[in-house]
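User: Hi! I'm new to this one, could you walk me through it?
Analyst: Happy to, here it is.

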Amino acid sequence: MIRVFLLDDHEVVRRGLADLLTASGDIEVVGESGSAQEATRRIPALRPDVAILDARLPDGNGIDVCRDVRAVDSSIKGLILTSYEDDEALFAAIMAGAAGYVLKQIRGTDLVDAVRRVAAGQSLLDPAITTRVLDRIRSGVEQPRELKSLTEQERRILEYVAEGLTNREIAGKMFLAEKTVKNYVSSVLAKLGLERRTQAAVLATRLLGKNQNH
C-alpha cells in the first residue's frame, strides 16, 4: 500500500481526495490536516510515502512544508497541489525538493497515477523547466548581480538546493560536514537577499529572469 498524507485547508477537498485515493485500492490515507504548521509536525512522525500539499494555506504554504519535512526525512515525497500555474510557484517547488507539481483541475485518475509515479521514485516536474531553472543558475549570462557574488562552491550548493537535495545529501556529495553545508546555504540566502525561510518567489523571479525584457 502507498501511504499518503493530505494537507489542504478545505475539508471538502480533503474528503474528496481521500475518497478518490482510497477507492484506487492500493493507496491508504494515513493522515490529513488543514494547517501547515500541524502538517510539518505530523508528517515526519507518520512517515507517508507521499505528502499531497496544498500550495496556499492560511498559516503558510505547502512548499515550505515540503522543504521542512524533507529536511527531516528525505524519503518522503512531496506533491504540490495548486490552483495556479506560474513560474514562481513551480520554481519554489523545485527548490523545496518536491517530486511533483499538479494543478487542482487535474482529473481524478491522473492524480492517482501521479501519486503512484511519485511513490515509485519518479519526478513529475517537467524536465525542460527544471533544466531552464538550473541553466539560469549555472550560466553567467543574464545573471543577476546577486548571483555573481556567489563563490564557485556556493553556486554548486545552490544548484544542489535547486535539485531538491537536503543539506545532508549535499554534504555527502561534496564531502563536507552537514553543519558546513548549512552555513553555506545561510551565506547563499544572505547574498541573494533572502530570508531564512527561502523567499523562493523572489529568487524565482530573479533566476528565471521574468523581468529581463522590461
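What follows is a chat about this structure.

User: What kind of model is this, and how are residues numbered?
Analyst: This is a predicted model, in which local features need pLDDT of at least 70, side-chain atom pairs count only at pLDDT 80 or more, and totals for chains, interfaces and linings use all residues. Residues are numbered from 1 along each chain as its sequence is written, and side-chain values use heavy atoms, leaving out hydrogens and water.

User: What is the mean pLDDT of the protein chain?
Analyst: The mean is 81, with 77% of the residues reaching 70 or more. pLDDT is the predictor's confidence in each residue, from 0 to 100.

User: Where does pLDDT stay under 50?
Analyst: Residues 196-202 are one such stretch, and the model gives them 11 contacts beyond four places in sequence. Residues 208-214 are also below 50, with 13 contacts in the model beyond near neighbours in sequence. Contact here means heavy atoms within 4.5 Å.

User: Okay, new topic. How many helices and strands are there?
Analyst: The protein chain has 11 helices and five strands. These are DSSP runs numbered from the N terminus: helices are H or I with at least four residues, strands are E with at least two.

User: And how much of the chain is buried?
Analyst: Of the 214 residues, 47% are buried. Buried means under 20% relative accessible area, exposed over 50%, and partly exposed in between, with a 1.4 Å probe and protein chains only.

User: What about contacts along the sequence?
Analyst: Among contacts with a separation of 6 or more, 64% are between residues 24 or more positions apart.

User: Which residues line the largest cavity?
Analyst: Its lining consists of Ala51, Leu53, Cys66, Val69, Arg70, Ile76, Lys77 and Gly78. Strand 3 (50-54), helix 3 (62-72) and strand 4 (77-82) each give two or more residues to that lining. The largest share, three residues, comes from helix 3.

User: How much space is in there, and what counts as a cavity?
Analyst: The largest cavity holds about 40 Å³, and the structure has one cavity of 30 Å³ or more. On a 1 Å grid over the protein atoms alone, a cavity is a set of points where a 1.4 Å probe fits but cannot get out, and lining residues have an atom within 4 Å of a point. Points are joined across faces, edges and corners, and the volume is the space filled by probe spheres set on them.

User: Strand 3 came up. Is aspartate 54 buried or exposed?
Analyst: Aspartate 54 is in strand 3, and its relative accessibility of 4% makes it buried. Leaving aside neighbours within four places in sequence, aspartate 54 contacts Leu7, Asp8, Asp9, Asn61, Gly62, Leu81 and Lys104.

User: And what does glutamate 28 touch?
Analyst: Not counting residues up to four places away in sequence, glutamate 28 touches Met1, Ile2, Arg3 and Val4. Glutamate 28 sits in strand 2 (residues 27-33) and is partly exposed at 35% relative accessibility.

User: Last one: which residues other than glycine have a positive phi?
Analyst: Among them is arginine 47, with phi near 50°, in the loop between helix 2 (36-46) and strand 3. Phenylalanine 175 has a positive phi of about 55° and lies in the loop between helix 9 (167-174) and helix 10 (178-191). Phenylalanine 175 is exposed, with a relative accessible area of 77%.

Terms used: 1 Å grid on protein atoms, 1.4 Å probe; cavity = no way out; pocket = protein on both sides within 12 Å on 5 of 7 lines; lining within 4 Å.
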